[in-house]
Amino acid sequence: MDIQQDELNSILQDYEIIPEYTEALSKKALKVHTSKGNYVLKRLAKPSNHQFVQSFLTLDQHRYTSYVPIVNNKYQQSLSKLGNDYYYIMPWLPNDYNEELDARHQYLFKELAALHHRTEVERKLQAQEAENHYTKMIKKWEEDKEFYERFVEHCEQKLYLSPFELQAVTYFIEVSRAIEFSAKKLKEWSESMENKEKSRIVLTHGKISAHHFLYDKDGTGYLSNFEDAKYASPIDDLLLFMYRTSKTFPTQCQDCVNWFYTYQNNYPFKEDEMLLFLSYLAYPQRICQLIKQCVKNPSKYSELEKNKRLIRAYWHFKNIEYLVMKISEVEEKKKLEAAEA
């Protein structure tokens with residue numbers, strides 16, 4: 001829902017800001033023009049994420065400065081509440097720096113690596129934590145594969161297949177191989193974790209994107225929008241970026257591979273992290289989930305809609321497959337070079 005004028009006036013009073021005029025940026029954000037500079041007012045999407053405010057304290061504690069700060073209100077609070085919603089204000093950055101898309105992403109992934117490096121802490125692993133996680137994930141993936149396989153067997157017994165069924169049967173072999181690859185990498189990860197007592201976690205951004213990387217008037221870049229920030233494995237930010245970027249028409253995103261290695265050159269994954277990253281990335285979650293939905297609730301989508309969704313899920317799967325293949329090739333080459341050195 002759009003921010004209403006009475007809401008705007010009430011919130012800005014907390015910051016003693018007198019607006020000259022406002023400009024809607026989205027349903028959750030306004031640009032506030034004042035005689036003393038411009039600001040962005042945002043409604044917090046997830047008020048339950050207590051890590052949001054804490055993340056800025058964490059950044060300061062670890063002396064990471066390349067982020068867009070939050071302006072405190074007159075009560076020295078980071079958030080202002082109105083009704084059931086929370087709001088915050090940030091200084092406006094012009095973001096007018098002209099550059100190629102690749103250059104912006106190169107800068108973005110260097111900053112992401114710097115963020116992770118600065119905020120890294122060690123976490124003690126609980127007894128059999130890795131083994132339990134491996135068992136849980138393998139069980140889930142086997143169930144997904146068996147469900148898909150039963151659906152294919154059911155389809156093969158029919159004389160005529162619907163377009164959706166025909167597409168699903170056609171994709172099954174490729175999807176099965178992807179599941180097997182994911183399981184293989186997860187097994188290797190489990191074995192690499194057998195004698196480990198600690199792992200590292202970092203402050204993850206939670207929604208890394210070029211849209212959340214802004215430039216000031218001097219062309220210096222800053223990370224913004226830490227609403228989904230939390231402490232987790234460094235692979236989480238990269239997984240989410242690759243997953244979201246691959247939701248498009250069929251493409252081979254070599255730029256994505258290059259950006260990934262820009263990050264790796266500045267803050268490389270450990271061996272176990274790379275194995276887990278490839279395992280999760282390769283898993284065809286979107287296709288498996290759609291098959292389950294359509295079998296358990298046949299009337300949820302029309303035949304045309306089911307087919308559209310399945311084709312988009314397949315494109316997504318193939319786009320990710322390219323990334324996994326290229327990254328795997330680079331990692332295998334690095335292993336061979338290390339062995340020969």
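Okay, two strands count as paired here if DSSP finds at least two bridges between them. Strands themselves are DSSP runs of E, at least two residues, helices are runs of H or I, at least four residues, and both are numbered from the N terminus. With that in hand, E2 and E3 form a hairpin with two residues between them.

A word on what we're looking at. This is a predicted model, so to speak, where local features need pLDDT of at least 70, side-chain atom pairs count only at pLDDT 80 or more, and totals for chains, interfaces and linings use all residues. Residues are numbered from 1 along each chain as its sequence is written, and side-chain values use heavy atoms, with hydrogens and water left out.

How confident is the predictor? pLDDT is its confidence in each residue, from 0 to 100. The mean for the protein is 93, and 97% of the residues reach 70 or more. Going by element, helix H1 (residues 5-15) has the lowest mean, 83, while helix H8 (residues 271-282) has the highest, 98.

Overall layout, quickly. There are 10 helices and 10 strands, and the C-alpha atoms fill a box of roughly 70 × 55 × 45 Å along the principal axes. Of the 341 residues, 45% are buried, where buried means under 20% relative accessible area, exposed means over 50%, and partly exposed is in between, with a 1.4 Å probe and protein chains only.

Back to that hairpin, then. Strand E2 (residues 29-34) and E3 are antiparallel, with six bridges between them, and Val32 sits opposite Tyr39 in E3. On to E5: E3 pairs with E5 over five bridges, again antiparallel, and Arg43 faces Tyr87 in E5. Then three bridges join E4 to strand E5 (residues 85-91), also antiparallel, with Tyr86 in E5 as the bridge partner of Lys81.

Put together, that's an open sheet of five strands, ordered E1-E2-E3-E5-E4 with antiparallel pairing. Which strands are at the edges? Strand E1 (21-24) and strand E4 (80-82), each of which pairs on one side only. Neighbouring strands are turned by 30° against each other on average, direction ignored; the axes are lines fitted to C-alpha atoms, for helices over the stretch in contact, and angles run from 0 to 180 degrees between N-to-C directions.

Everything is on a 1 Å grid over the protein atoms alone: a cavity is a set of points where a 1.4 Å probe fits but cannot get out, a pocket is an open set with protein on both sides within 12 Å along at least five of seven lines, and lining residues have an atom within 4 Å of a point. Grid points are joined across faces, edges and corners, and a volume is the space filled by probe spheres set on the points.

The largest pocket comes to about 590 Å³. It's lined by 26 residues, and nearest its centre are Lys42, His211, His212, Leu214 and Ser224. Strand E3 (37-43), E5 and strand E8 (213-215) each supply at least two lining residues.

How many cavities of 30 Å³ or more are there? One, and the largest cavity holds about 40 Å³. Its lining is Thr245, Ser246, Thr251, Cys253, Cys256, Asn319 and Leu323.

Last stop, helix H4 (residues 129-156), where Ile138 sits. Is Ile138 buried or exposed? Buried, because its relative accessible area is 13%.

Key. pLDDT is the predictor's confidence in each residue, from 0 to 100.
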